Amino acid sequence: KKINKRTLEAIIKKGIHKSKAEYFNDVFDPFYKKFYPKISELLSDIRFSCFSKKCNNLLLWAHYGDNHRGICLKYKLPKEMEKNVFLDEIIYSAIKLKKVKITKEDDNSYHEIITLEEKGLTIYDAFFRKHKDWQYEEEIRMVYINENEEELYTNIQLEAIYFGIECPNSDINTIKRLCEGIGLNIKFYKMEATENLELKEILMN
């Protein structure tokens, strides 16, 4: 995550933010967002939180960690979820679409629409399925159905914070003092590069 007011708020309030699908960086996630705007309107109250299994992926740090200047938050996920909260791993496989011609009977003109080629797709596919190009993320996703106005989900426990290779010492010290001030007893790690230019985490004092 980029170190900003929103990130610090999540640490202070001991929760994770819920996002709308319209803010996703994948234009086809969920797939109905691009091709079925009416469905998007019906599902506008659904929120998402996204995680990864890995903390040492170079691309993730570049894309989501402010080009290695940010942090990675490690959470312990709850064993039992609320009835309106669903947690699962993302499946990476393309969803096939096709163009269909709709003909008007009065003047024989037509227009084209895009629809699903696959049959039997469910809402679950919409929430937990992405194109294979995103599989490097190894994403785990939390979906909140019929969500209330609470911006943060707090039934979750922060276990550790990982600081990017380029994270300024001033930001590291600020976050460590912040966690100490609110009584948050967690571990801190600093990402470093190996001889093979891979990332590894080093436990900090």
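**View 1. Residue A193 has L199 of β13 as its bridge partner.** This is a predicted model, in which local features need pLDDT of at least 70 and side-chain atom pairs count only at pLDDT 80 or more, while totals for chains, interfaces and linings use all residues. Residues are numbered from 1 along each chain as its sequence is written, and side-chain values use heavy atoms, with hydrogens and water left out. Strand β12 (residues 187–193) and β13 run antiparallel and are joined by five bridges; strands are DSSP runs of E with at least two residues, and helices are runs of H or I with at least four, both numbered from the N terminus.

**View 2. An open sheet of four strands has the order β3-β11-β12-β13, with mixed pairing.** Two strands count as paired if DSSP finds at least two bridges between them. Because β3 (71–76) and β13 (199–203) each have a single partner strand, they stand at the edges, and one side of each is left without a neighbour in the sheet.

**View 3. Helix α6 (residues 169–181) packs on the sheet, where it touches β3, β11 (157–163) and β12.** Contact means heavy atoms within 4.5 Å.

**View 4. Residues I172, I175 and C179 of α6 are buried, that is, under 20% relative accessible area, where exposed means over 50% and partly exposed lies in between (1.4 Å probe, protein chains only).** The buried residues of α6 pack against α1 (5–12), β3, β11 and β12, whereas N169, R177, E180 and G181, on the other side of α6, are exposed. After α6 comes G183, whose phi is positive, near 70 degrees.

Note on methods. Axes fitted to C-alpha atoms, helices over the stretch in contact; angles between N-to-C directions.
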